[in-house]
Amino acid sequence: MKKLSARRRHPLAAVVVLLLALAATGGLYAAFAPASKAQADETSQSLSIEEGKKLYEVGCASCHGSGGQGSSDGPSLVGVGSAAVDFQVGTGRMPAATSQGAQVPRKKAIYSQAEIDQLAAYIASLGAGPAKPTSEQYSKDGADIAKGGELFRTNCAQCHNFTGKGGALTKGKYAPTLEGVAPKHIYEAMLTGPQNMPSFPDTTLSEQNKKDIIAYLHAIDSGESTNPGGLELGGLGPVTEGLFAWIFGLGALIAVAVWVAARTAKAKKS
Amino acid sequence: MSTSATNESRSRGKAPAGERVADWADGRLGIYSLAKANMRKIFPDHWSFMLGEVCMYSFIIIILTGVYLTLFFHPSMNEVQYHGSYVPLQGQMMSEAFSSTLHISFDVRGGLLIRQIHHWAALIFIAGMFVHMMRVFFTGAFRKPREVNWLFGFLLLVLGMFTGFTGYSLPDDLLSGTGVRFMEGAVLSVPIVGTYLSFFLFGGEFPGGDFVARFYSIHILLLPGIMLGLMVAHLILVFYHKHTQFAGPGKTNNNVVGMPLLPVYMAKAGGFFFLVFGVIAVIAAIAQINPIWAMGPYRPDQVSTGAQPDWYMGFSEGLIRFMPGWEINLWGHTLVLGVFIPLVIFPLVLVAIAVYPFIESWVTGDTREHHILDRPRNAPTRTAFGVAWMTVYFTLLIGGGNDLWATHFNLSINAVTWFVRIFVFVGPVLTFLATKRICLGLQRRDKDKVLHGRETGIIKRLPHGEFIEVHEPLSQEQLHTLTAHEQYTPAEIGPAVDENGVERKVKGAEKLRAKLSRAYFDEDSQIPKPTVEEYKEITSGHGHH
């Protein structure tokens with residue numbers, strides 16, 4: 001105690017006290033603050049629709065119309081289902097107001113998952129459509145990876161490339177990369193066919209097929225994938241390989257040649 | 001007596017083992033005279049003379065690694081089910097070729113590394129040949145007596161392209177299968193015989209069960225065999241002609257200044273081989289190439305975006321991609337111009353550069369031997385032609401990768417394609433003119449340097465207040481180097497009438513030649529190099545003005 005009082009006039013004492021005070025307040029707040037989660041779970045379906053309607057009127061109605069009937073700036077949302085809402089808003093594509101260019105790009109989502117669920121509930125209430133999948137539907141348990149690869153190459157690779165790295169479409173449109181896209185969103189995209197993508201309803205690609213494709217993508221294009229051989233060079237095939245061979249292969253060899261040629265046995269100067 | 005006898009017996013005694021081995025070999029192989037003639041062969045020193053070596057060494061690396069790969073590769077299109085260690089393909093049906101390539105990649109010790117060295121070395125080999133060819137082109141090393149060797153080199157490039165293409169097709173993966181399908185489409189577009197040719201090539205309907213085995217023979221035996229022979233011939237001719245050299249003091253058209261083959265170049269070349277091998281091995285160890293497991297086995301009903309050939313075939317992909325899809329239907333037959341025209345242009349692009357030496361020698365009418373290299377600036381029309389050709393080539397490469405340009409630079413693929421369509425015609429004209437102007441500018445600069453010396457950057461103030469920059473005269477060696485090139489005068493058609501006053505008939509070819517010669521060598525196409533008189537007058541003490 002004596003030690004402490006002896007140092008109470010130390011120049012840094014005020015800083016230490018301030019830090020302690022801040023830590024204490026923060027800790028207390030964290031301990032007693034109301035938990036923010038689980039609100040959506042407890043609200044009833046109708047309440048969630050009502051909340052969703054409010055969000056819709058603020059963020060979406062200017063393009064999609066006050067009742068989701070669509071306008072010259074955005075399509076009708078009647079019957080698109082909760083899967084479409086969850087995909088579009090969850091991947092940040094909607095709201096698109098700030099997006100420019102040939103197609104709406106993936107962005108940071110600006111609504112929380114709870115808000116997206118409310119929006120989805122509201123849109124789903126406008127007319128029946130494909131519903132948001134459950135985690136059971138897109139989990140990779142019980143999926144056949146090899147089958148998924150075959151399905152991917154048959155149905156998806158012509159736009160999204162062998163390993164889902166994306167590719168060009170006409171007039172500046174493109175098939176985006178599938179790297180880092182949540183399995184849920186891949187499932188919803190197949191179900192609803194956003195933007196230029198054709199939709200693959202369960203009659204075309206069964207639930208099991210979708211599951212297989214998602215598991216395949218996880219196996220080849222995620223942190224856990226086995227892809228030996230070194231740097232992937234973007235996974236884009238021979239164009240980047242050729243560029244790499246020219247710049248780093250031949251470039252290095254020419255540098256070596258210059259180096260070797262510069263080190264020559266010179267005749268001694270008299 | 002006894003001492004001389006022992007001396008005699010010693011000299012008659014056994015020679016050292018090395019000498020005996022050499023003697024044994026010489027008596028049977030005649031190496032001595034061969035070695036005597038060539039061991040002191042002189043090679044000039046310049047880094048660009050080592051580009052051909054890069055090609056030779058990468059070719060050797062390709063052969064060595066290729067032999068290893070043949071030990072494990074099964075050139076068969078029999079359908080098998082995959083049970084190897086790559087999980088995402090387990091249980092899939094695929095050709096034996098594909099499954100054995102997976103086996104090499106995942107289950108053979110060192111297999112993936114050797115595969116990647118083989119493939120990277122192939123890309124570097126052909127890139128090296130391209131750059132080597134450009135070096136020979138821009139320095140005029142193709143002139144007499146080396147025209148035949150130029151053609152040998154050109155053939156090596158073309159054969160290298162096709163060897164590469166057949167090798168790329170062997171694993172029977174989805175990417176290479178698409179490439180083979182592309183080739184089949186091009187063959188099919190040939191009027192009248194296309195279908196027959198395709199059936200002949202694939203032993204029936206594409207893809208059939210034959211092409212991997214056929215491509216295998218072509219890839220490992222036929223083409224590399226021819227290439228090896230051509231490469232030896234190429235080297236023999238380099239020895240026979242002796243190497244060219246850049247102009248410089250002491251270097252004439254009749255000598256070669258440099259270091260002897262043994263020991264200097266043997267050591268250098270041997271070391272350089274390992275450097276090349278090392279660089280390629282490092283690249284193969286750090287960067288993936290052609291990950292066939294990610295592409296999956298070939299099935300004609302599947303295709304992926306971003307399907308391109310290796311870079312050396314990229315310009316043919318560009319030709320197809322920028323071509324509008326024209327076709328003509330006549331009497332129930334379709335002529336697919338959208339594919340057939342690119343197929344016709346494809347060899348023409350290559351032939352354009354191959355025949356250039358003969359066109360140039362026809363225009364200059366020069367039948368002398370040339371062993372001194374040109375600096376590119378001193379042959380402006382040739383240099384401009386070469387740059388224009390490269391413009392076409394690289395524009396087509398951009399066209400071949402138009403989708404990646406679109407996605408990676410946020411462009412519209414239509415805009416990229418239209419750019420290629422226009423620039424492939426406009427580009428070479430622009431670069432031709434620009435290159436010629438740059439060459440002339442550099443010639444003027446050389447002339448200026450010869451006459452006025454080097455700008456030293458030292459500013460001097462004269463008594464009356466004027467500032468001048470001090471120019472330092474060049475050394476005799478530098479003056480020689482900058483003025484050693486010779487300049488042609490344009491060829492004349494000759495008098496319009498013969499000695500009897502009768503109008504002479506001038507052939508069209510002669511007129512064309514005179515016209516081309518003017519375009520090459522009139523005063524708009526070369527800066528007359530400084531004469532001795534000019535130099536004397538300027539350096540005779542009138543100061544720097």
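Which residues does D366(B) touch, leaving aside its neighbours within four places in sequence? They are S361(B) and Y488(B), where contact means heavy atoms within 4.5 Å. With Y488(B), the side chain of D366(B) also makes a polar contact of 2.4 Å. That term stands for a pair of N or O atoms within 3.5 Å; within protein, one must be able to donate a hydrogen and the other to accept it, and residues adjacent in sequence count only if both atoms are side-chain atoms.

A word on the model: it is predicted, so local features need pLDDT of at least 70 and side-chain atom pairs count only at pLDDT 80 or more, while totals for chains, interfaces and linings use all residues. Residues are numbered from 1 along each chain as its sequence is written, chains are lettered from A and ligands numbered from 1 in the order in which they are written, and side-chain values use heavy atoms, leaving out hydrogens and water.

Chain B is divided into domain 1 (2–31), domain 2 (54–314) and domain 3 (375–493 + 505–545), with bounds from an automatic or database domain assignment. Taken over C-alpha atoms, the centres of domain 1 and domain 2 of chain B are 49 Å apart.

P309(B) sits in the loop between α12 (292–295) and α13 (314–322) of chain B and is buried, at a relative accessible area of 11%. Beyond its neighbours within four places in sequence, P309(B) is in contact with P238(A), Y168(B), G314(B) and E317(B). P342(B) belongs to helix α14 (residues 337–354) of chain B, and its relative accessibility of 4% makes it buried too.

## Where chains A and B meet

The contact draws 56 residues from chain A and 64 residues from chain B. Together the two chains bury about 4900 Å², 70% of it on carbon and sulfur atoms; this is the accessible area (1.4 Å probe) that two parts lose on being put together, summed over both. On the chain A side, R153(A), F162(A) and W246(A) lose the most area to chain B, together 15% of what that side buries.

How many salt bridges are counted between chain A and chain B? The count is one, and it joins the side chains of E150(A) and R299(B) at 2.4 Å, N to O. The rule asks for a side-chain nitrogen of Lys or Arg within 4 Å of a carboxyl oxygen of Asp or Glu. Polar contacts across the interface link 16 residue pairs, both residues at pLDDT 80 or more.

## Helix α9 of chain A

The buried residues of α9(A) are A146(A), G148(A), G149(A), L151(A), F152(A) and R153(A). They pack against α10 and α12 of chain A together with α8 (174–188) and α12 of chain B. At the start of α9(A), a side-chain oxygen of D144(A) comes within 3.2 Å of the backbone nitrogen of A146(A).

How values were computed
Helix = DSSP H or I, 4+ residues; strand = E, 2+ residues; numbered from the N terminus. Buried < 20%, exposed > 50% of the residue type's maximum accessible area, 1.4 Å probe, protein only.
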